[in-house]
Amino acid sequence: LADKRVRQLTDGPYQDHSIAWSPRGDEIAFISNHERDPDRVHNYDIFAVRVADGHVRQVTATKGCEYAPVWSRDASSIAYLAGVRELTTQESSAEDTHVWVVPGGGGIARQVAPSLDRRANAVAWAPDEPVVYFTVQDAGSTVLYRARADGSRPDRIVDERGVVSGFSLGSSRLLAYAFQG
């Protein structure tokens, strides 16, 4: 910011979006579709670009779509939204998103809270514990859950009738959220 110089990190015929800095500051995770014909096949994956030299690596390689990556505080994992089935159409994923976690270096992802059969809308890591918070649509409301990244049973944090439209996590389990009742 000080010298206002801009440097492009990625290129190619892809739409790169949904960026998230690694807490170490060395990489930026992002969503992109690197299919042979990305305009025809809807298949977003998570990639990471090394800030120092622009080297891009693929973090997920699924036949579905990933969205909204967010790094854990220690950069060991990335939480994100994705469906549970493989690609369902060429134009869209056509299914509800759920919360997933993948190792930051890539590997096998695991679904967080697989017992919930509801659409997840947002996900964030707690700043001081290996827990993810996420919103879920449920019977006309949007409620806030928290769950350990190991897939154990989730806990409802804000479950009043209405809509949690945004939330932010502070240290020591402090939570701020916007709510429309």
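## V132 and the largest nonpolar core

Beyond its neighbours within four places in sequence, V132 is in contact with A79, V99, V112, V123, A124, W125, Y145, R146 and A147. Bear in mind as you follow along that this is a predicted model. Several of those partners turn up again in the largest nonpolar core, which has 17 residues. Within this core, V99, V112, V123, V132 and F134 touch the most other members.

Which strands each supply at least two residues of this core? They are β6 (77-82), β7 (98-103), β9 (120-125), β10 (131-138) and β11 (141-148). There is also a second, separate core of 15 residues, and I31, C65, I78 and Y80 are included in it.

Strand β5 (residues 66-71) runs antiparallel to β6, and 4 bridges join the two.

How many residues lie between the strands of this hairpin? There are 5 residues between β5 and β6, and A75 takes a positive phi near 65° in this hairpin.

## A four-stranded open sheet

Let's turn now to another group of strands. Here 4 strands form an open sheet in the order β1-β2-β3-β4, with antiparallel pairing. At the edges are β1 (17-21) and β4 (56-58), each of which pairs on one side only. From one strand to the next, the twist averages 25°.

One of the pairings in the sheet joins β4 to strand β3 (residues 45-50), in the antiparallel sense and over 3 bridges. Across this pairing, F47 stands opposite Q58 in β4.

Strand β2 (residues 27-32) holds a residue worth a visit, S32. Is S32 buried or exposed? S32 counts as buried because its relative accessibility is 0%, and the cut-off for buried is under 20%.

The side chain of S32 has polar partners too. A polar contact of 2.6 Å joins it to the side chain of D16, and another, of 3.1 Å, joins the side chains of S32 and H34. Setting aside neighbours within four places in sequence, the residues in contact with S32 are Y14, Q15, D16, N43, Y44, D45 and F47.

Note on methods:
Residues are numbered from 1 along each chain as its sequence is written. This is a predicted model: local features need pLDDT of at least 70, side-chain atom pairs count only at pLDDT 80 or more; totals for chains, interfaces and linings use all residues. Side-chain values use heavy atoms; hydrogens and water are left out. Buried means under 20% relative accessible area, exposed over 50%, partly exposed in between (1.4 Å probe, protein chains only). A polar contact is a pair of N or O atoms within 3.5 Å; within protein, one must be able to donate a hydrogen and the other to accept it, and residues adjacent in sequence count only if both atoms are side-chain atoms. Contact means heavy atoms within 4.5 Å. Two strands pair if DSSP finds at least two bridges between them. Axes are lines fitted to C-alpha atoms, for helices over the stretch in contact, and angles run from 0 to 180 degrees between N-to-C directions. A nonpolar core is a set of buried Ala, Val, Leu, Ile, Met, Phe, Trp, Tyr and Cys residues joined through side-chain atoms within 4.5 Å.
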